[in-house]
Amino acid sequence: MSITLDHISYSYSIGTAYEKHALKDINLTIKDGEFIGLIGHTGSGKSTLIQHLNGLMKATSGSIYYNGKDIYDEDYDMKELRSKVGLVFQYPEHQLFETTVIKDVSFGPRNQGLPQLEIDLHSYEALKQVGIGEDLIDCSPFELSGGQKRRVAIAGVLAMRPEVLILDEPTAGLDPAGRDEILDQIAKLHKERKITVILVSHSMEDVAKYVDRILVMNKGELVYSDVPRKVFANYKVLESIGLAAPQVTYVMHGLREQGIAVDTNATTIDEAKREILKWAHREIIEG
Amino acid sequence: MIRDITIGQYYPKDSFIHKLDPRTKIIGTFVFIISLFLFRNKFLPYVVVIGFLGLVIGASQVPIKHIVKGLKSIIFLMVFAIVFNVFLTSGEVLWQWGILKITKEGLENAGFMALRLTLLIMGSSIMTFTTTPNHLTDGLEKIMNPLKRIKVPVHEISMMMSIALRFIPILLEETDKIMKAQMARGADFESGNLIKKAKSLVPLLVPLFVSAFRRANDLAMAMEARCYRGGEGRTKMKPLKYRKEDFISYLILVLYLVSLVVVKKVSPV
């Protein structure tokens, strides 16, 4: 089970003065069960890229294979693909429309044509997974708080039981507590249900803690595709394309420049702490 | 997909027509439209009309291809008008089949109606192609100013118009986004019969309305925070002012009308 992108390019308004290349020759394989962070500056093409993964946008050239099948084949079932590759858009709470939370969440499974019992089952389960309690399921989604709305909207995609979950900036506009809550829940989902997760963000801090691999996009091109520490090692290049490594990276590099021999590969606060303690330990024993 | 609406979209250029005062263009368009209906089916006056329109299009530097593209949106209306005119005009019968009959007058009417509609759309689109929406509402407000005396809320109307125009592209983009979001949840906007199609629009329209209201609320708040309180005593950064070119244009407009009347009088058919 995997998604493979083979020389994918996409251009807007071909043949006019406004022609713009949003994606340039992207080659990429996303393996089953991976947790991927997709990072790029505004307008780098990351939103365009993820809309290709579930067939909402069609590449100008190149092909995409989902589990080895070409999704641009004429008899390929796009609806099936869209329920396998769940896409949560930016500000997903703006798509809520039903009269109650549970009805809204069951919109996806109902479109899948499941029997009523399974619709209910999947919807309740999805709501539970995002931490929406039973007391809220019969409320109007418009009465909820911003963070709750967003979680209901995410549940709306989860209820379709996708094999791949793509989230476009799921934390935009949330306070730090709400941000951590959502990211932790996504990480838990990834662990428990073993689904592939692609997390789109422009903040390295957000993704560094969770992901196995980071994809960095700049001006429609895939610049890096590697484990976080290797990507962050290029923090100077990241800065030049309008991104930044996590603050921990800067601290570790700063310490190193001061002559303190720590490993600059630490990407999270915990790792950094361990590194610094290790150094202190060495110093004390030597000194 | 929905963004390809060319009718009435501003076409940036720096031509004579672009630089005219919006009032000149509004009044000019108005006069032009009336002039189309001044005379019945006579051939010669239309030569004058087409000549005048050609002159204006030339001066506006908007490519003719772009203007013709805008005509696509009225094809349905045009066919409708032609069919009705062809079959429902009484007169000298040329062809008959049951109750359907085609008359010489009908064909003539239909032809001229199509010509008139084409000229009307082309003429008025020249105005919107060469004038930004803001300028257009400014001009309208100024023209309607005398109506203030009979308590018509002129400023409010023009403010509403400019806000409405401003929001069209935003709402189109929003529609696109919500459509995609619901398609990602398996919504199907294309297949099914009419009732099913109408029903499938609910997941699109509800969020769209909610977002329109939210945006309206935010905008009202932002305007109030900047002390907006209607048109009373409000001044403009760039007040509209007639220039030499505008007077020349009015002169040309009068010349056009006079020549039209003269041609109509002397025209035999």
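A residue is buried if 20 or more other C-beta atoms lie within 10 Å of its own, exposed if 12 or fewer, and partly exposed in between, with C-beta atoms placed from the backbone. By that count, 19% of the 269 residues of chain B are buried. This is a predicted model, in which local features need pLDDT of at least 70, side-chain atom pairs count only at pLDDT 80 or more, and totals for chains, interfaces and linings use all residues. Residues are numbered from 1 along each chain as its sequence is written, while chains are lettered from A and ligands numbered from 1 in the order in which they are written.

**View 1. Chain B as a whole.**
Chain B holds 11 helices and 2 strands. Helices (H or I, at least four residues) and strands (E, at least two) are DSSP runs, numbered from the N terminus. From the N terminus on, the order is α-α-α-α-α-β-β-α-α-α-α-α-α. The radius of gyration of chain B is 23 Å, well over the 18 Å that the globule rule gives for 269 residues, so chain B is more spread out than a compact globule. That radius is taken over C-alpha atoms, and the globule rule is 2.2 Å times the number of residues to the power 0.38. Along its principal axes, the C-alpha trace of chain B spans about 65 × 55 × 40 Å.

**View 2. The two domains of chain B.**
Domain 1 of chain B covers 1-131 + 241-269, and domain 2 covers 133-238. Such bounds come from an automatic or database domain assignment. The C-alpha centres of these two domains of chain B lie 29 Å apart. Where they meet, 6 residues of domain 1 of chain B are in contact with 10 residues of domain 2 of chain B. Two residues are in contact if their C-beta atoms, placed from the backbone, lie within 7 Å. The domain 1 side of this meeting in chain B has 3 nonpolar, 1 polar and 2 charged residues. Here Ala, Val, Leu, Ile, Met, Phe, Trp, Tyr, Cys and Pro count as nonpolar, Asp, Glu, Lys and Arg as charged, and the others, Gly among them, as polar.

Strands β1(B) (residues 93-97) and β2(B) (residues 100-103) run antiparallel, joined by 4 bridges. Two strands pair if DSSP finds at least two bridges between them. Which residue of β2(B) is the bridge partner of Trp95(B)? The partner is Ile102(B). The hairpin has 2 residues between its strands, and Gly98(B) takes a positive phi near 65 degrees. Of the 5 residues of β1(B), the number buried is 0, so β1(B) lies largely in the open.

**View 3. Where chain B touches chain A.**
Here 15 residues of chain B are in contact with 20 residues of chain A. On the chain B side, α8 (154-184) and α10 (202-225) each supply at least two residues. Helix α8(B) gives the most, with 7 residues. By class, the chain B side divides into 9 nonpolar, 3 polar and 3 charged residues.

**View 4. The six-stranded sheet of chain A.**
An open sheet of 6 strands in chain A has the order β6-β7-β8-β3-β9-β10, with mixed pairing. Strands β6 (85-88) and β10 (221-226) of chain A stand at the edges, each with a single partner strand, so one side of each is left without a neighbour in the sheet. Neighbouring strands of this sheet are turned by 15 degrees against each other on average, direction ignored. Strand β9 (residues 213-218) of chain A runs antiparallel to β10(A), with 5 bridges between them. Within this pair, Met217(A) has Leu222(A) in β10(A) as its bridge partner.

**View 5. The four-stranded sheet of chain A.**
Another open sheet in chain A has 4 strands in the order β2-β1-β4-β5, and the pairing is antiparallel. Its edges are β2 (20-31) and β5 (69-70) of chain A, each with a single partner strand, so one side of each is left without a neighbour in the sheet. Strand β4 (residues 61-66) of chain A pairs with β5(A) over 2 bridges. Tyr65(A) stands opposite Asp70(A) in β5(A).

Definitions and conventions: Axes are lines fitted to C-alpha atoms, for helices over the stretch in contact, and angles run from 0 to 180 degrees between N-to-C directions.
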